[in-house]
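Biologist: Could you walk me through this one? I'm still getting used to reading structures.

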Amino acid sequence: MEESPEVNMNLLKAAKISTIVMALLVLAQAMTGIGRYTSTMDMSQSHIYTAHLGLVLSILTAIAIVASKTEDKKLKGYGFEAATLWLVMFGIGEMISSNGSLAMIHVPLAMIMFARLLNMSKAFPSQDTN
């Protein structure tokens, strides 16, 4: 009989924290994205920097989930889904950033992404289940 590898709970805890941070980044993206059109302040750089941060964080989260050696396929799927959604959102933002009204197409995608990140944060195992 083969033993299943020991799950690294520290990596899963870091991935859960980064998932919550990504959800907060989606909210920051919403505020800076809408703020570019409704405010006199230039928020485009903040919007770009939070997008970069979210993209890198999503990739690192997916890597942390896989490196933790968890057998939870749902959690692995959530990790890769988050990275894919950030990549798609970043790509859409880069491709259509010159057209303000067309760029709003990624607003409903951001709402879906926020909901999925909240679901992902609930999918992590708690320390009490050991």
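Predicted model: local features only at pLDDT ≥ 70, side-chain atom pairs only at ≥ 80, totals over all residues.

Biologist: How many helices and strands does the protein have?

Modeller: Helices here are DSSP runs of H or I with at least four residues, and strands are E runs of at least two, numbered from the N terminus. On that basis the count is five helices and zero strands.

Biologist: What share of the residues is buried?

Modeller: Buried means under 20% relative accessible area, using a 1.4 Å probe and protein chains only. Out of 130 residues in the protein, the buried share is 36%.

Biologist: Which helix gives the most to the lining of the largest pocket?

Modeller: A pocket is an open set of points on a 1 Å grid where a 1.4 Å probe fits, with protein on both sides within 12 Å along at least five of seven lines; lining residues have an atom within 4 Å of a point. The largest one is lined by 25 residues, with Q29, G33, H47, M89 and H106 nearest its centre. Helix 1 (9–38), helix 2 (44–67), helix 3 (73–95) and helix 5 (106–123) each supply at least two lining residues. The top giver, with eight residues, is helix 1.

Methods
Residues numbered from 1 in each chain as written. Heavy atoms only, no water. Buried < 20%, exposed > 50% of the residue type's maximum accessible area, 1.4 Å probe, protein only.
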